[in-house]
Amino acid sequence: MAADMAQAASWRLPSLALVAWAALASAASAGAAETHSDSQATTFGCVSDDLAQEVCLSAPAQRIIALSPNLVELVYAVGAGSTLVGAVSYSDYPAEASALPRVGDSDRMDIEAILSLSPDLVLAWHGGNPRMQVDKLVALGIPVYTSDAQDFPTIASTLERFGQLTGHTTHAETAAQQLREGVAELEQRYQDAPTLSVFYQVWDKPLMTVNGEHWISQSLAICGAESLFADADALVPRPSIENVLAADPDVIITGGKDASDTAWHSNWLRFPQLSAVRHDNLFVVDPDLVQRATPRLLEGTRELCQRLDDARERR
Amino acid sequence: MSGAETTTHVIQAGAGHRLRPLLWLSALSLLALGVAVSIGSVTVTPSELLAVLSGEGERLHRTLIFELRLPRALAAFGTGALLALAGALMQVLLRNPLADPFVLGLSGGAAVAALLAMIAGLGAALISASAFAGALLSTLIVFGLAHGTGSWTPVRLLLTGVVMATGWGAIITFLLAISPMEQLPGMLYWLMGDLAYAQRAWPVLCLAVLSLLVVMPLGRTLNVLARGGLAAAALGVAVRPVEWALYLLASLLTAVAVTTAGSIGFVGLMVPHMLRLALGNDQRLVLPASLLAGGILLTLADTLARTLIAPQQLPVGVITAMLGVPGFLLLLYRSR
């Protein structure tokens, strides 16, 4: 019996190696097939995605499925919204995106639903979509573009690449240009502004914020402010109330749909010794504007900058 | 001694009737696989299904059935079969109806190792391998500690397992608390059990068949063992080696099931119980029947998990418990 089990254990391990090998081989052969079609006259074009994979299409994408809400926004931003045939839950901007057929959640997609919409391009979200499910789509022969846009330059270049994939190059270049100019203008306006320390509160219970690598911190930096836990290891650190009290930020910003959505502020109003409370520097910003990596982040950054300007006056 | 022999005799007298429930369960297995293949978020009518099976039909339907539904249904069947067989073996081993790979901490060890691999950012193959190592490590700790200075009893083994399981549970909570936000959804779904990520069906299926081939010739030994270690020893069973082998086999089955589909509870505890209530205590019948019934339960549960509120996908562990608890309670109530 022990021999049987040893045998079973030993074929299990090669089977894992085999699976890995098969995945590599199929990826390699898919790559080879794409390179091959590249040389043919029918190829429409190739772009390199954020994982440096070549994505080649034989014609402008006409049936796109976007596997995260921000990718839906990016497709609309290059004027190709009408090519979307499917999206995941919470894809609510622009308003017409809410009517798109759903293919599950970004962290659990319904592969059958995706196939049934016969997409000619799937936009995947690195870090949000389960990699095995995305690999399955690739193995089924669907062109997959994987996005890992986490800052303004990548958002702008994503717009340009989506423009190439959909044939909306002019629109996309304009959008990318506007984004870059908008960012440059804010950077210039706030380059000499006095630095503020900001506690950006992502969530209430548990308390969550962002470290220096998150794009929210980059937006704060553009406005001449510094995220309180910029040095933390985790992208989304979970500090204690004590940590925040000890660091005593100049400003506390929480997410909320409008200025009256201040439920999270009551937590802090208990501590009048906080500079932010003393100077009434608790603000609300629309989380959709700053927590999604889309062109709307520029709008969100402008809002942040304005709030921080208000804070400088009150200090 | 003569009493035990009479019991064996009585059990043997029923040998002719053993085939019928197994035939029924085999038919139900095929039916469950058929249902799993025909139902999904895309409607495939019976005539379209027939066309696909005869090698024609739309390309989309062929892909859905052969690339998505069939491999997943087979993986579900194999995983359920392994979990139920592991549970049945453990219940014989410990002569205790509470025994189950999850109660004994095997899956907890696998889960901790897999979560550590996820935090380290390892790939799918390495996550599976470390889950496997974790289950075996947990087995060795539980069996080694319970073995201790010589005198181990099923109760002591069970208690050791329960304490280990609680310890693993605490480590899991700790890992969830310190792990990066963006990894939490994947970890939670893995802990809830999910067949969406099952890559290949053949490892679980082959192991199910292999282990049945190993266990079936031992059926009579297990029947005797189930009546107690002393009685078994008196009847000439080499108790200690058989018990070690049972425990290791059950760990192997659990480890492979957990690496295929994450941590799915309840199947190993419930299926052998239901079968004993319905079919009696002959291991030569209960073991193969557990294999089939576990497969049927998980195949149907997974079909529900991916269709119930499609396109939203549910973790299959939720469904096994929601199907299993009322069914089990009903059976228990009626068997009073």
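**Walking through the model**

Student: How far apart are the centres of domain 1 and domain 2 of chain A?
Tutor: The centres of domain 1 of chain A and domain 2 of chain A are 31 Å apart, taken over C-alpha atoms. Domain 1 covers 38-177 and domain 2 covers 193-314 of chain A. Those bounds come from an automatic or database domain assignment.

Student: What should I know before reading on?
Tutor: This is a predicted model, where local features need pLDDT of at least 70, side-chain atom pairs count only at pLDDT 80 or more, and totals for chains, interfaces and linings use all residues. Residues are numbered from 1 along each chain as its sequence is written, while chains are lettered from A and ligands numbered from 1 in the order in which they are written.

Student: How many residues of the two domains of chain A are in contact?
Tutor: 12 residues of domain 1 of chain A are in contact with 9 residues of domain 2 of chain A. In contact means that their C-beta atoms, placed from the backbone, lie within 7 Å.

Student: Which element gives the most on the domain 1 side?
Tutor: α2(A) does, with 5 residues on the side of domain 1 that touches domain 2 of chain A. Helices here are DSSP runs (H or I, at least four residues), as are strands (E, at least two), numbered from the N terminus. That side of domain 1 divides into 8 nonpolar, 2 polar and 2 charged residues. Ala, Val, Leu, Ile, Met, Phe, Trp, Tyr, Cys and Pro count as nonpolar, Asp, Glu, Lys and Arg as charged, and the others, Gly among them, as polar.

Student: New topic. How many residues of chain A are in contact with chain B?
Tutor: 32 residues of chain A are in contact with 35 residues of chain B. On the chain A side, α1(A) gives the most, with 10 residues. The residues of that side divide into 18 nonpolar, 6 polar and 8 charged.

Student: What scores does the predictor give the complex?
Tutor: An ipTM of 0.76 and a pTM of 0.79. Over residues 1-13 of chain B the pLDDT is below 50.

Student: Back to chain A. How many helices and strands?
Tutor: Chain A has 12 helices and 12 strands. Buried residues make up 41% of its 315 residues. A residue is buried if 20 or more other C-beta atoms lie within 10 Å of its own, exposed if 12 or fewer, and partly exposed in between, with C-beta atoms placed from the backbone.

Student: Why does A:C223 count as buried?
Tutor: Because A:C223 has 23 C-beta neighbours inside 10 Å. A:C223 lies in the loop between α7 (215-222) and β10 (225-227) of chain A.

Student: What does A:C223 touch?
Tutor: Not counting residues up to four places away in sequence, A:C223 touches A:Y190, A:T301, A:L304, A:C305 and A:L308. A:T301, A:L304, A:C305 and A:L308 are among the buried residues of α12(A).

Student: Where do the buried residues of α12(A) fall, seen down its axis?
Tutor: They fall within an arc of 155°, so they line one face of the helix. The arc is that of the directions from the helix axis to the C-beta atoms.

Student: And which residues are exposed on the other side of α12(A)?
Tutor: A:E313 and A:R314.

Key: pLDDT = per-residue confidence, 0-100.
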